[in-house]
Amino acid sequence: MRSLALRSALPPVVLGVLVLVAWQLVVELGDIQPYLLPAPTAILTQLVLVLPVLWAALLATGSNALIGLVAGAVLAIGMALLASRLGFIDELLTPIVAAVAVVPIVALAPVLTTMYGATSETPRRVIVAIVVFVPVFINTLRGLRQVRPVHRDLMRAYAATNWQVSRTVTIPGALPYVFTGLNIASSLAVISAIVAEYFGGLQNGLGSRITSAAANSAYPRAWAYVFGAILLGVVFYLGTLAIERAVSRRTAR
Amino acid sequence: MTTLDAVHVNQATKRFEAKKGDGVTALDEVNLTIRAGEFVSLIGPSGCGKSTLLRLIADLDQPTAGSVTVFGKTARQARLDQDYGIAFQSAGLLPWRTVAANIELPLQLHRVAPAKRALKVAELMSLVGLADFAESFPDQLSGGMQQRVAIARSLAESPELLLMDEPFGALDEMTRERMQTELVRICAETGAAVVFVTHSIPEAVFLSDRVVVMSPRPGRIVAIVDVALGEARGEMLREEEGFFDSVTEVREALHRVPGGAGETVRPDGAARGVDLR
């Protein structure tokens, strides 16, 4: 088991190290200026220097993304359950979801930031929730509609109640689809939480740090925050993956 | 035990309306009575309405005209009272539930006490020879084993009527014969009446007290063949003369069916007739 994990983890790690070494060599041998491309060692030095600030920024952006993700996902799953059960809610929601799906966050972010004031985290969380809602809702609803005819016949033969059908067949069968939606949503949550910070408001998150570092021509520092952002995205993605593993040991087919 | 007939189909007609055109008459004024404890197979080419007839008995579809009674009640009431167990061509197990939990499903839905459930599940698993696989998941089992789980599940509430829609249709010939022998044994133990839909003549003859031969467009019963092979049916039966006589009799009844054996091309070009093996 351990050697298997090692064998699957080793190639990407080796590749990553090789890329970093090549990067360093290109920057040093090619005498490339930091505003074009800083060396990995320079970025690492900055990373260590700004570590306390980076940590605070990670927490600020991370908690916005997490709160927005949970709120948006809970709302989306609840609405999808309603829509799958009640036809008129489905008809009401479909055009609204289509509208929400095309809302550009870059258009919405300045409006919300001004509405809620410059000292509030709320606009960022609202933006994350809106962005997260769409993929979770669409995938969950699709999953809830994927009941195999043989299972539908079987539950009818058992004279099962609507609630029993949901609990024993529909919801467990939809879980893999819910997690597909959540996997997409988890990356989107981090991206939109960072992008939302570009439009003013509190200057405590990764997005604000990246813009201010870049504005001060401190490119290695900007890159250090970028790596922080990548790290946050990976943590969110692995988090949902871990929950998926724990919840659905067997996926429905 | 009831002395009522298990199933009584009276002048049942089922039409499927099409958006354009005339629609399809899947069953046309069909009459059939199945006695308690009797094993009856429905056989015929694709489109003869044999599965539709089974679905009417199960109240999964309703007849356009005519009536279906099960143990003297309407089909709907019999379904609500859980008077029958059912198995389909695909096992239809819930992939996220273990074998034991799948067999337990109907008992759980109908609020049988957990201790009683566990007892019944253990009994059923040894009946179908899967006692060692209680905690396995369906995707870890072969097709034949999954089908045995489905049969155990259909027997969970000790029904006096079993409805089976080509349950062995997707299995290879060896597994299929073994499953047939097991089904004969299980039916002898439970004394349930069985309505069994199949494509295979030897399968119908091996299992049944009576074989109902049906014809397509519109679906009708053209012959009912009595199979007098007695109660004890083992592997040796497959090589006896009486078995072949009955196979021949069913085959000849099917040959008189338009679109039956020997004439397997359907209007849509799909060649799928009756399995003559």
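These legends describe close-up views of a predicted model.

**View 1. Chain A as a whole.**
Chain A is built from 10 helices and 0 strands. Along the sequence its pattern reads α-α-α-α-α-α-α-α-α-α. The C-alpha atoms of chain A fill a box of roughly 75 × 55 × 25 Å along the principal axes. Of the 253 residues in chain A, 40% are buried. Take the contacts in chain A between residues at least 6 apart in sequence: 76% of them join residues at least 24 apart.

**View 2. A tryptophan pair in chain A.**
The count of aromatic pairs over all chains is 5. One of them joins A:Trp23 and A:Trp223. The ring centres of A:Trp23 and A:Trp223 lie 5.8 Å apart, and the planes make an angle of 70 degrees. The pair counts as edge-to-face, because planes over 60 degrees apart fall in that class. A:Trp23 belongs to helix H1 (residues 2-29) of chain A and A:Trp223 to helix H10 (residues 219-247) of chain A, so the pair ties together parts 200 residues apart in sequence. A:Trp23 is buried, at 15% relative accessibility. A:Trp223 is partly exposed, with a relative accessible area of 29%.

**View 3. Phenylalanine rings in chain B.**
The rings of B:Phe39 and B:Phe196 have centres 5.8 Å apart and planes at 40 degrees, so this pair is tilted. B:Phe39 sits in strand E3 (residues 39-43) of chain B. B:Phe196 sits in strand E8 (residues 193-198) of chain B. The pair links distant parts of the chain, 157 residues apart. Are B:Phe39 and B:Phe196 buried or exposed? Both are buried.

**View 4. The interface of chain B and chain A.**
Chain B brings 26 residues to the contact, and chain A brings 21 residues. Together the two chains bury about 2200 Å², 58% of it on carbon and sulfur atoms. Across the interface, 11 residue pairs are in polar contact, both residues at pLDDT 80 or more. Which elements of chain B each supply at least two residues of the side that touches chain A? They are helix H2 (75-80), strand E6 (84-87) and helix H3 (99-109) of chain B. H3(B) gives the most to this side, with 3 residues. The side of chain B that touches chain A divides into 13 nonpolar, 6 polar and 7 charged residues.

**View 5. Salt bridges between the chains.**
Side chains of opposite charge can pair when their charged atoms come close. Between chain B and chain A there are 2 salt bridges. A:Asp153 and B:Arg55 meet in a salt bridge, at 2.7 Å from N to O.

**View 6. A salt bridge from helix to loop in chain A.**
Over all chains the count is 17 salt bridges. In chain A, the side chains of A:Asp90 and A:Arg145 meet at 2.4 Å, N to O. A:Asp90 lies in helix H4 (residues 87-101) of chain A. A:Arg145 lies in the loop between helix H6 (122-144) and helix H7 (149-157) of chain A. The pair therefore ties together parts that are 55 residues apart in sequence. A:Asp90 is buried, with a relative accessible area of 17%. A:Arg145 is partly exposed, at 46% relative accessibility.

**View 7. A salt bridge between strands of chain B.**
B:Asp28 forms a salt bridge with B:Arg220. Their closest N and O atoms are 2.6 Å apart. B:Asp28 is in strand E2 (residues 24-34) of chain B and B:Arg220 in strand E10 (residues 220-226) of chain B, so the bridge ties together parts 192 residues apart in sequence. B:Asp28 counts as buried, at 18% relative accessibility. B:Arg220 is partly exposed, with a relative accessible area of 41%.

The side chains of B:Arg117 and B:Glu104 meet at 2.8 Å, N to O. B:Arg117 lies in helix H4 (residues 114-127) of chain B and B:Glu104 in helix H3 of chain B, so the pair ties together parts 13 residues apart in sequence. B:Arg117 is buried, at 14% relative accessibility. B:Glu104 is buried too, with a relative accessible area of 19%. Elsewhere, salt bridges that share partners join A:Asp153, B:Arg55 and B:Asp61 into one network.

Key. Residues numbered from 1 in each chain as written. Chains lettered and ligands numbered in written order. Heavy atoms only, no water. Phe/Tyr/Trp six-rings, centres within 6.5 Å; stacked < 30°, edge-to-face > 60°. Helix = DSSP H or I, 4+ residues; strand = E, 2+ residues; numbered from the N terminus. Buried < 20%, exposed > 50% of the residue type's maximum accessible area, 1.4 Å probe, protein only. Contact = heavy atoms within 4.5 Å. Buried area = accessible area lost by both parts, 1.4 Å probe. Salt bridge = Lys/Arg side-chain N within 4 Å of Asp/Glu carboxyl O. Polar contact = N/O pair within 3.5 Å; in protein donor to acceptor, adjacent residues only side chain to side chain. Nonpolar A, V, L, I, M, F, W, Y, C, P; charged D, E, K, R; others polar.
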